[in-house]
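Here are some notes to read alongside the structure.

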Amino acid sequence: MRLLRELLFPLIAVLAAFLVGAIFVLLIGDSPIETYRQLLGNAFSWPDGIGYTLFNATPLIFTGLAVAVAFRCGLLNIGAEGQLYVASFATAWVCILFGGVVVDVFGQPVNYSVASLPSIILIPLACLTAILVGALWGAIPGFLKARFGSHEVINTIMMNFIAVALVSYFTQYHYKIPGDPILESAPIGEAAHIPRLGRFIPGLPERIPLNLAFVLALLACALVYIFLWRTKWGYEIRATGANPSAAEYGGISVRKQIVLAMAVSGGLAGMVGINEVMGYHHRYYDGFSDNYGFTGIAVALLGRNHPVGVVLAAILFAILSRGGIFVDAFTAHVSKDLVQVLQGTIILFVACEAFFRGPFGRFGLLKRSKV
Amino acid sequence: MKDIFTFTLLLSTIHLATPLVLAALGGLYSERSGVINIALEGLMLAGAFTAAAVTHYVGSPWVGLLAAIVAGILLAGIHAVACIRFKADQVVTGTAINILMIGVPAVLSGALFLSSGSTPQIPKANLIPWTPVVLAVLVVVVTYYILYYTPFGLRLRAVGENPEAADAAGINVRRIRYTAVLISGALAAIGGAYLSIGQSSLFTRNMTAGRGFIALAALIFGKWRPIQTMLACLLFGFADAIATQMQGVIDIPVQFIQMIPYVLTIVVLAGFIGLSRAPRALGIPYQKER
């Protein structure tokens, strides 16, 4: 029953956003029904629909969890985008440094590495790099807030831009193969590739890029749940988020919790690098993120900052982002950018919870619940 | 080295700072009243797209500019209603508007102009390259006067610092905040319009490229004060201008120059260069006591 009530409000927000989207589509002169059929209808076919949807959901689960953990501590991490960029670059760097000889874009064997580690060591090492570098980049605004009281929202926004500039500098000046027209790093060592799930699941072809990082994302959800609700640290983070002065009075160091929460948040965002670098591009590809960090805010909000909700919301947004391609191809006027419109509207409605509690509340649709 | 610091550099500094000044001063109204406005980026995009599209259809940049202002006010209205009426999280709402404004212009230009996110070219005769610059200077002067020498300015500051006390003194907190947020929408939209029908001659996808956030940075760097904020915008505009001029001249990667505004903002916010203190009630919805 409680679950149902938790699900009801996000569902209403999504439906309301779809309604706004439908009006928008209608005004443009396309059929809303056909548009939504293209947008949502292709997600459930096996294996392509489901495979690609879960692949697209993987980075969103990571960023959604990242934003959710910070939210639970009363912090808004708008910096997941920067954290995932820096972490992805660092991951690629480690995978190149210890990856041995690779074949470059021109088909020539090149060696940028200092050592050639076997997969069993290199993969965990690279994953750890992604987490730690993301955590570090996230901890900086956490520290700035704890030490100087400067607002984490502004600092994370600023650090996004710094991150993008920094990794673009490194890619352009130090890790690009000379002559490569695309802003990307050298390929990573083959030992650092993580297998696609098609290798293990019958009926799922290996051309679908869904990889082990998805399993890792689900594992991260479980771990975040245990961390937040079953450990002392998680309790202290939630206590800080619920009421910082009460937490401080109860003997919790609010400053420590802020840094910890931002570090965990950044680490989760950094895990996007595992999916993108080791599971998909097999190199650092400048500007690869399709606003994953910002979509993560929508995912966390819609998912009620709960791991289970995050997975569901990530799947919804993954369906939308893939559906956009079909909208582009098969409708007359509407483009895939409709997805952004829907996403923005969903966030707006979720943020304006009071709007629904007002008019609809009277009909008993939504009782004021403590969330 | 010497030929870099020229009249051209001064000109391009002014041109690059103009949209920042307009957006940042817009943000100043909103934030001094206690409403965080990270939607500046989205508001600028709304202004840029509307200005270019309307100018294309009507053929007059003045109508385009006016339409941009209306669009900015309407969009800021959504932010205002969400934040003030429904007490939504102001940062979240701002983020929603920014995401929305990546989508809306793109969908509309796809439908109206069959392009993937840009408007048709506007003939050179229909551009207004200098009006927004003059407007920006005027806005700074007028804002300074309003903020410190008029009853509205006093109320604005009171509402942002201590809404309870302001309310007790008979000030309508909500009305002041609504007004402030709508003004911020209008100003940010003019800043955006300048990009599409002043500096260049069309709207392109995501053409603000983070300028809304740099304006926000300038606002913080300028300690939420009009003159200092303008100086911060000029500084950031100068950094941008020099980055463009130095390409290929001196071997400093552009990326490091691009970082300057962001690093400075973090440093200033941490209190290393004088204290930068936000309005006390910034980000807190006002709940009238019953």
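1. A term to begin with: a nonpolar core is a set of buried Ala, Val, Leu, Ile, Met, Phe, Trp, Tyr and Cys residues joined through C-beta atoms within 7 Å. Bear in mind that this is a predicted model. Its largest nonpolar core has 228 residues, and those with the most contacts inside this core are A:Leu65, A:Ile347, B:Ile190 and B:Ala218. Helix 8 of chain B, residues 173-199, gives the most to this core, with 16 residues. As general background, nonpolar side chains tend to be buried together in soluble globular proteins.

2. Have a look at A:Ile347. Which residues does A:Ile347 touch, leaving aside those up to four places away in sequence? In chain A they are A:Ile297, A:Ala298 and A:Leu301, and in chain B they are B:Val92, B:Thr95, B:Ala96 and B:Ile99.

3. Now for the contact between the two chains. Chain A puts in 39 residues and chain B 37 residues. On the chain A side, at least two residues each come from helix 5 (119-148), helix 6 (152-173), helix 12 (292-302), helix 14 (338-351) and helix 15 (353-357). Helix 6 of chain A gives the most to that side, with twelve residues. Sorted by class, the side of chain A that touches chain B has 28 nonpolar, ten polar and one charged residues.

4. Helix 14 of chain A packs against helix 4 of chain B (residues 90-113), with the axes 7 Å apart and an angle of about 155 degrees. Angles over 145 degrees count as roughly antiparallel, so helix 14 of chain A is roughly antiparallel to helix 4 of chain B. The crossing of these two helices is left-handed. Among the residues making this contact are A:Gly344, A:Ile347 and A:Leu348 from helix 14 of chain A, and B:Thr95, B:Ala96 and B:Ile99 from helix 4 of chain B. The contact residues divide into 14 nonpolar, seven polar and no charged.

5. Helix 14 of chain A also meets helix 1 of chain A (residues 2-28): their axes come within 8 Å and cross at roughly 140 degrees. That makes helix 1 of chain A oblique to helix 14 of chain A. The crossing of helix 1 and helix 14 of chain A is right-handed. Residues meeting here include A:Pro10, A:Phe18 and A:Phe24 in helix 1 of chain A, and A:Leu342, A:Ile346 and A:Phe349 in helix 14 of chain A. By class, the residues of this contact are 15 nonpolar, two polar and no charged.

6. On to the backbone. Most residues other than glycine have a negative phi, and most peptide bonds are trans. Where does A:Pro47 sit? A:Pro47 is in the loop between helix 2 (32-41) and helix 3 (48-72) of chain A. A cis peptide bond joins A:Trp46 to A:Pro47, with omega about 0 degrees.

7. Two residues other than glycine have a positive phi to check: A:His282, near 60 degrees, and B:Asn206, near 50 degrees. A:His282 is in the loop between helix 11 (272-281) and helix 12 of chain A, while B:Asn206 is in the loop between helix 8 and helix 9 (211-221) of chain B. Is each one buried or partly exposed? A:His282 is buried, because 21 other C-beta atoms lie within 10 Å. B:Asn206 has 15 C-beta neighbours inside 10 Å and so counts as partly exposed.

Definitions and conventions. Residues are numbered from 1 along each chain as its sequence is written. Chains are lettered from A and ligands numbered from 1 in the order in which they are written. This is a predicted model: local features need pLDDT of at least 70, side-chain atom pairs count only at pLDDT 80 or more; totals for chains, interfaces and linings use all residues. Two residues are in contact if their C-beta atoms, placed from the backbone, lie within 7 Å. Helices (H or I, at least four residues) and strands (E, at least two) are DSSP runs, numbered from the N terminus. Ala, Val, Leu, Ile, Met, Phe, Trp, Tyr, Cys and Pro count as nonpolar, Asp, Glu, Lys and Arg as charged, and the others, Gly among them, as polar. Axes are lines fitted to C-alpha atoms, for helices over the stretch in contact, and angles run from 0 to 180 degrees between N-to-C directions. Angles under 35 degrees count as roughly parallel, over 145 as roughly antiparallel, 65 to 115 as roughly perpendicular and the rest as oblique. A crossing is left-handed if the near helix is turned anticlockwise from the far one by less than a right angle, and right-handed if clockwise. A residue is buried if 20 or more other C-beta atoms lie within 10 Å of its own, exposed if 12 or fewer, and partly exposed in between; C-beta atoms are placed from the backbone.
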